[in-house]
Amino acid sequence: MQPATDPSAAPALDEAAPGAATRKRPKPGERRVQILQVLAQMLEQPGAERVTTAALAARLEVSEAALYRHFASKAQMFEGLIDFIESTVFGLINQISEREADGRARAARIVAMVLQFGEKNPGMTRVMVGDALVFEHERLQQRMNQLFDKLEAALRQCLRDGAPAADAGTLTPDADAQLTASVLTAFVAGRLQRFARSGFRRLPSEQLDACIARML
């Protein structure tokens, strides 16, 4: 599950290993990816309740013991999904930073990329907003909180780079960057939350360009 190299298209988990979910006898190392793919697919069901290892094993047509040969716990399975989210999102942020010199344009592209990633990966969105983690180990939610903190820090740096000279009576460039980064991060989190809570009907990218233009 390696991040895509094209920052204009946020990848989906099932693109990482084509056909792995349908092969009867996965090659060594592919079973872990298959388990994560099916877990993400189960999370994509609108209104889905807590995914149990029994239900996951049944969907894969294996025993629960077979799952635990690849993951020590269900929490570790969710950590695998979080690893994919982190590596993809921040890998794409790095690519955008390398290709876009203007700080404010870079921030806009990062916001759009994260929302496009969530839109393309509904199951991952439920992990990102915490809906899928309610009954799981608290460290998983802490990791997602840290991801949004890192996203805000990345946006803050972009906005510092693109800050105009401050006028008398206005915020300093650093304070303005901090405030705007906080607003953008809250917008991302809110759009993803609405996407998940609407049963994936209200798309995160709805009127996206106009919203970003208003905030920036």
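Predicted model: local features only at pLDDT ≥ 70, side-chain atom pairs only at ≥ 80, totals over all residues.
In soluble globular proteins, nonpolar side chains tend to be buried together.

Residues are numbered from 1 along each chain as its sequence is written. Local features need pLDDT of at least 70 and side-chain atom pairs count only at pLDDT 80 or more, while totals for chains, interfaces and linings use all residues, and side-chain values use heavy atoms, with hydrogens and water left out.

**The whole protein**

The secondary structure comes to nine helices and zero strands, where helices (H or I, at least four residues) and strands (E, at least two) are DSSP runs, numbered from the N terminus. Of the 216 residues of the protein, 46% count as buried; buried means under 20% relative accessible area, exposed means over 50%, and partly exposed lies in between (1.4 Å probe, protein chains only). The protein exposes about 10,900 Å², of which carbon and sulfur atoms supply 49%; such areas come from the Shrake-Rupley method with a 1.4 Å probe, and for residues only the protein chains shown count as cover. Among the contacts with a separation of 6 or more, 67% join residues 24 or more positions apart, a contact being heavy atoms within 4.5 Å.

**Two helices in detail**

The expected span of a helix is 1.5 Å times one less than its number of residues, and the table sets this value beside the distance between the end C-alpha atoms.

| Helix | Residues | Expected span | End-to-end C-alpha distance |
|---|---|---|---|
| Helix 1 | 14 residues | 20 Å | 20 Å |

In helix 7 the buried residues include Leu140, Met144, Phe148 and Cys158, together with Arg143 and Glu152. The buried residues of helix 7 pack against helix 4, helix 5, helix 6 and helix 8.

**Aromatic rings**

A pair of aromatic rings is described by the distance of the centres and the angle of the planes. A search of the whole structure finds two aromatic pairs, where rings of Phe, Tyr and Trp (its six-membered ring) pair if their centres lie within 6.5 Å, and planes under 30 degrees apart count as stacked, over 60 as edge-to-face and the rest as tilted. In one of these pairs, the rings of Phe84 and Phe117 have centres 6.3 Å apart and planes at 40°, so the pair is tilted. Because Phe84 lies in helix 4 and Phe117 in helix 5, the pair ties together parts that are 33 residues apart in sequence. Phe84 counts as buried at 3% relative accessibility, and Phe117 is buried as well, with a relative accessible area of 0%.

Another ring, that of Phe90, has the charged end of Lys150 sitting over it, 4.4 Å from its centre; a charge sits over a ring if NZ of Lys or CZ of Arg is within 6 Å of the ring centre and within 35 degrees of the ring normal.

**Individual residues**

Most residues other than glycine have a negative phi, and most peptide bonds are trans. Glu61, although not a glycine, has a positive phi of about 60°; this residue is in the loop between helix 2 and helix 3, and at 68% relative accessibility Glu61 counts as exposed. Gln207, in the loop between helix 8 and helix 9, has a positive phi near 50° and counts as exposed at 60% relative accessibility.

Thr53 lies in helix 2 and counts as buried at 12% relative accessibility. Not counting residues up to four places away in sequence, Thr53 touches Glu64, Leu67, Tyr68, Lys74 and Met77.
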